[in-house]
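Dear colleague,

Please find the structure below, followed by a short account of what was found in it.

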Amino acid sequence: MMKPYVDRAERMPLWIPIRYRVSGHEHWLDSRVLNISDSGLLFGPAIVSTAPGTPVDVMFSSPVQIGTMPPGQMMCAGEIVRTNERGQIGARFEQCRFVLDDLPATTAAAQRAR
């Protein structure tokens, strides 16, 4: 039986560090992106195995444009859509936003005083 054609975003192989956590948890875990698109990513190995449907937060810094997302530090919320026997996790993005580096309060106050 043939699978129906599913239009999906073009995946880009990109081996960059990633931090991830189950949404709402305090502790972040480290792994690597294996491939990514502007709709989701595959990463692993994952330390914590979670089931499809689990909400997840991911943070990564891309050196290149990914689909419609420009390069930079990103924080994305989404959900796990698949796992495999190699400890890899596929996640779909629900929303992504840039993470801007804020100046520490003491540095910002010092700059205003100048």
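Strand β2 (residues 17–22) supplies three residues, the largest share of the lining of the largest cavity. Strands here are DSSP runs of E of at least two residues, numbered from the N terminus. The model is predicted, so local features need pLDDT of at least 70 and side-chain atom pairs pLDDT 80 or more, while totals for chains, interfaces and linings use all residues. Residues are numbered from 1 along each chain as its sequence is written, and side-chain values use heavy atoms, without hydrogens and water.

The count comes to one cavity of 30 Å³ or more, and the largest cavity has a volume of about 40 Å³. A cavity is a set of points on a 1 Å grid over the protein atoms alone where a 1.4 Å probe fits but cannot get out, and lining residues have an atom within 4 Å of a point. The lining includes Y20, R21, V22 and I89.

D57 lies in strand β5 (residues 55–62) and counts as buried because its relative accessibility is 8%, under the 20% limit (1.4 Å probe, protein chains only). The D57 side chain makes a polar contact with that of S23 at 3.1 Å (a pair of N or O atoms within 3.5 Å, one able to donate a hydrogen and the other to accept it).

F98, in strand β7 (residues 89–98), is partly exposed at 40% relative accessible area. The C-alpha atoms of F98 and F60 are separated by 10.0 Å.

Yours sincerely

Technical notes: Helix = DSSP H or I, 4+ residues; strand = E, 2+ residues; numbered from the N terminus. Buried < 20%, exposed > 50% of the residue type's maximum accessible area, 1.4 Å probe, protein only. 1 Å grid on protein atoms, 1.4 Å probe; cavity = no way out; pocket = protein on both sides within 12 Å on 5 of 7 lines; lining within 4 Å. Points joined across faces, edges and corners; volume = space filled by probe spheres on them.
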